[in-house]
Amino acid sequence: MYLLHELRANGFSSRVLEAGDDVGGTWYWNRYPGARCDISTTDYTYTWDPELHEQWTWSEKHAAQPEILKYAQFVAKKHDLYSGIDFNTKVTSAAWNDSAKRWTLNTSTGETITARHYVMATGCLSVPKDPDIPGTDRYQGPVYVTGRWPHEGVDFTGKKVAVIGTGSSSIQSIPHIAEQAAELVVFQRTPNFSMPAFNGPQPADRAARLEADRKAYEAEARLSSAGVPMEMPTVSALGVSRDEAFAMLEKSWQKGELLALGGTFMDVGTNREANEVICDFMRTKIKEVVNDPETAELLSPRGHAYGTKRPCMDTNYFQTFNLPHVRLVDLRKKPISSITETGIEFGNESKDFDAIVYATGFDAMTGAIVNVDITGKDGLTLKKKWEHGPLTYLGLTSVGFPNFYMITGPGSPSVLSNMMVSIEQHVDWIRDTLIDLREAGVDTIEATPVAEEGWRVHCTDCADITLFQDTNSWYMGANVPGKPRVLFPYIGGVGRYRQTCDEVRARGYLGFELSGSSTKQRNDGIVRQVQPDVDMVLEMMAQMGLPSMDSMSPAEARAFSEASSAMRPPGPEVGEMIDGTLPGAAGPLEYRLYRPATKGPHPVVVYFHGGGWVFGSHVSDDPLCRDLCKNADVLIVSVNYRHAPEDRFPAAADDGYAALQWVAANVASLGGDPSRIAVAGWSAGGNVAAVAAQLARDNGGPELKGQLLLTPVTDGSRQHGSHHENADGYILTKSLMEWFWNHYADQSDRSHPKASPLLASDLSGLPPAMVVTAQFDPLRDEGDAYARALMGAGVPVEHLQARGHIHTSITMVDALPSGKPPRAQMAAALRRFLH
Ligand SMILES: Cc1cc2nc3c(=O)[nH]c(=O)nc-3n(C[C@H](O)[C@H](O)[C@H](O)COP(=O)(O)OP(=O)(O)OC[C@H]3O[C@@H](n4cnc5c(N)ncnc54)[C@H](O)[C@@H]3O)c2cc1C
């Protein structure tokens with residue numbers, strides 16, 4: 001409806017084809033008793049016509065289906081949209097004609113329509129899923145599907161009714177059906193988390209904010225994470241006591257807002273243990289309400305994280321199971337063997353019913369799209385292309401299908417958002433794009449394969465740091481047999497997604513090929529490459545407006561670095577940590593020993609911290625050292641080598657080697673195994689480690705089993721391309737690196753192999769290495785060059801080029817989930833070297 005309005009307003013000719021006989025979509029089809037929105041009507045409402053807010057007043061916080069349908073009708077009448085819609089007209093197939101540069105659509109009415117542009121606004125939850133239960137067509141009594149409810153309503157008075165399914169639609173309808181039915185049996189496969197809607201007037205705080213400044217509120221919604229203005233949580237569910245956590249959750253619970261519980265803590269989406277705090281809270285609530293402990297337990301979700309299946313909102317759902325005529329059947333224990341002519345056979349029972357209600361969900365997100373036989377270029381069908389999962393660019397377009405768009409398609413925030421906001425954003429983008437194309441004389445727009453693959457990778461990166469993939473949900477396609485198992489919606493957030501779409505346009509349709517009779521433009525590229533959690537940190541830091549460290553004195557930089565370190569999660573528990581001193585090249589050096597909890601003697605890793613030779617200490621990489629100690633099962637000795645500018649080159653290098661020699665000579669007394677020693681280091685510490693390995697080779701030992709170099713400094717010339725490509729914006733900057741070098745070493749010393757291990761004349765005979773470089777790091781290319789040079793010299797090398805990472809991100813243990821896989825690979829390398 002909004003798109004039709006915008007197309008008309010901007011002078012495009014358009015037709016809307018609608019299978020139903022009225023407007024309303026979801027709210028036209030889903031007429032089951034109790035059907036309501038569960039995003040508050042303060043937010044689940046159009047924003048594109050400001051007059052509507054004066055002309056329409058929602059009666060409730062969560063409006064019921066009839067009211068939302070009336071709203072759609074009201075808007076359609078007000079804007080004369082009925083005249084632009086062909087009702088009772090289903091699109092059955094569509095094909096791209098590449099010579100005419102037009103789409104041809106066939107409809108259920110037998111009509112053929114051609115169009116320059118083709119938009120699928122067919123809904124994400126508009127195709128009810130066929131129940132995969134044997135015998136469904138045997139049943140002779142009335143059958144109802146929640147997503148296709150009869151317009152005249154259904155009277156269950158005095159009837160024996162079966163409801164199959166316990167997702168959102170049944171959770172909303174069961175209390176109403178139970179009010180009428182003489183007997184109600186609910187068949188449940190998986191229990192769901194649901195919280196009371198506490199329906200009533202619109203939330204006072206939101207209404208007041210809208211009243212005070214509607215535009216600001218709407219702008220905040222558009223840049224929020226789920227399309228509803230929310231305060232961003234800053235507390236970890238694991239950072240407070242269970243009582244405190246429950247008290248905070250109770251406050252959120254009382255709000256009766258869909259997103260409130262999940263928004264109480266910052267880590268429920270990414271950390272299973274934190275998520276379990278909410279799950280526990282919800283199960284406690286169920287137990288408080290449901291009288292029979294066995295039924296309460298059956299209704300209590302276990303085994304999936306809160307939010308990874310769509311949380312539900314209800315009015316008296318759990319209370320309904322206290323009624324004497326309502327029974328819950330656990331399909332995991334008593335599966336349905338068949339629907340019969342008169343009822344249902346399940347477990348060892350057979351029961352007659354007067355009516356069966358299927359509330360078995362939807363073929364979500366892609367169902368309505370692939371239901372239409374869509375053929376793009378070269379005979380490729382969308383169904384075939386999406387066989388292993390939907391491939392889209394921005395969830396809006398797909399390669400091979402020019403001038404084809406989807407509203408809230410897979411790969412966009414869609415069902416993980418307040419869909420009113422997401423729908424409007426897509427309409428705005430499509431409208432603006434069509435205007436741009438018209439103005440530029442462009443006939444076709446098509447995403448490039450590089451852009452589409454980049455978007456797929458980005459969507460996967462976003463999904464990988466959440467808990468969604470562990471749950472069989474319709475978000476993952478798991479409810480439909482044979483459907484590919486991927487996270488269909490984009491989980492990166494509504495605001496970030498909008499910014500991305502805007503950026504694509506602003507950068508001249510990055511990732512698209514545009515062509516017209518006198519114009520052709522292929523602007524290939526990938527719009528998002530930094531890991532999503534890293535990107536968030538960068539954005540947060542940019543917002544904080546932190547001073548650059550190279551504008552500070554070394555003392556200020558050290559204080560700044562210590563203050564930032566104090567805010568980190570500590571890293572995993574290890575068996576023991578001991579602080580001590582060892583003799584360096586010119587005096588005692590502090591060290592910290594990390595011992596695994598397992599039985600020793602352990603192999604030993606001498607570790608050198610990062611900090612550009614200027615700051616940091618034996619404890620400054622604590623979380624990383626703990627992580628490596630635990631996961632590689634090695635004893636780590638982290639050394640506080642001397643720092644510049646007080647002690648310039650070669651102090652750090654000499655201390656590194658001296659520390660290595662001392663550890664090798666004292667391994668047994670430290671509880672380590674003298675025959676298994678390796679070195680490791682990050683950044684400048686990676687430089688110290690690489691140099692120590694070379695010195696050990698050249699000076700008669702100790703013999704090393706391996707070297708782990710994480711984003712190491714290897715070349716003082718700083719001539720590599722990554723210093724320019726990643727000069728700014730990724731924490732370690734080109735100028736900060738220059739500041740480090742200036743403090744550490746004179747120009748004339750920088751080509752010495754003790755400063756630049758890459759420049760050593762001979763790299764043969766060095767211990768096996770793992771070299772980790774980060775894609776968005778000024779030091780990337782010199783790390784890559786070192787890995788290649790080692791390989792060229794015959795050294796066994798594992799070279800990990802960490803995609804989407806920056807210089808610092810892999811060390812951020814427990815703060816950035818995307819760093820976990822590369823760290824696991826680092827630990828595995830140490831195990832390989834040493835175990
Ligand atoms: C019970 C229920 C409750 C929901 N509650 C919320 C909520 O609280 N908050 C929220 O954000 N979202 C909610 N949603 C999601 C809801 O679908 C969206 O909010 C929104 O209504 C989608 O609008 P749409 O126009 O994109 O799609 P729809 O409303 O689904 O409309 C799609 C239309 O396309 C038509 N169509 C499909 N295929 C064809 C074809 N081949 N040819 C012609 N016409 C076709 C359909 O008939 C339908 O009318 C809910 C969904 C359901 C099912």
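Student: In this predicted model, what volume does the second largest cavity have?

Tutor: The structure is a predicted model. A search of the whole structure for cavities of 30 Å³ or more returns five of them. For the second largest cavity, the volume is about 60 Å³.

Student: Which helix gives the largest share of the lining of the largest cavity?

Tutor: The largest cavity has a volume of about 100 Å³ and is lined by 14 residues. Two elements, helix 7 (214-222) and helix 14 (419-440), each give two or more residues to this lining. The largest share, five residues, comes from helix 7.

Student: Which residues lie nearest the centre of the largest cavity?

Tutor: The lining of the largest cavity holds four nonpolar, five polar and five charged residues. Among its 14 residues, those nearest the centre are Asp43, Thr47, Glu218, Ala221 and Val421.

Student: Which helix gives the most to the lining of the second largest pocket?

Tutor: About 540 Å³ of space lies in the second largest pocket. Its lining has 19 residues, and Met230, Glu231, Ser252, Lys255 and Gly263 are the closest to its centre. Helix 6 (204-212) and helix 8 (242-255) are the elements that give two or more residues to the lining. With four residues, the one that gives the most is helix 8.

Student: How many charged residues are in the lining of the second largest pocket?

Tutor: The lining is divided by class. Seven of its residues are nonpolar and four are polar. The number of charged residues is eight.

Student: At what N to O distance do the side chains of Arg209 and Glu220 meet?

Tutor: A search of the whole structure finds 56 salt bridges, and one of them joins Arg209 and Glu220. This pair links distant parts of the chain, with Arg209 in helix 6 and Glu220 in helix 7, eleven residues apart. The distance from N to O is 2.4 Å.

Student: Why is one side of strand 5 and of strand 17 left without a neighbour in the sheet?

Tutor: The open sheet of four strands has mixed pairing and the order 5-4-3-17. Strand 5 (112-115) and strand 17 (373-375) each have a single partner strand, so one side of each has no neighbour because both stand at the edges.

Student: Which residue of strand 5 stands opposite Trp103?

Tutor: Strand 4 (residues 102-107) and strand 5 run antiparallel and are joined by four bridges. Opposite Trp103, the residue in strand 5 is Ala115.

Terms used
Residues are numbered from 1 along each chain as its sequence is written. This is a predicted model: local features need pLDDT of at least 70, side-chain atom pairs count only at pLDDT 80 or more; totals for chains, interfaces and linings use all residues. Side-chain values use heavy atoms; hydrogens and water are left out. On a 1 Å grid over the protein atoms alone, a cavity is a set of points where a 1.4 Å probe fits but cannot get out, and a pocket is an open set with protein on both sides within 12 Å along at least five of seven lines; lining residues have an atom within 4 Å of a point. Grid points are joined across faces, edges and corners, and a volume is the space filled by probe spheres set on the points. Ala, Val, Leu, Ile, Met, Phe, Trp, Tyr, Cys and Pro count as nonpolar, Asp, Glu, Lys and Arg as charged, and the others, Gly among them, as polar. Two strands pair if DSSP finds at least two bridges between them. A salt bridge is a side-chain nitrogen of Lys or Arg within 4 Å of a carboxyl oxygen of Asp or Glu.
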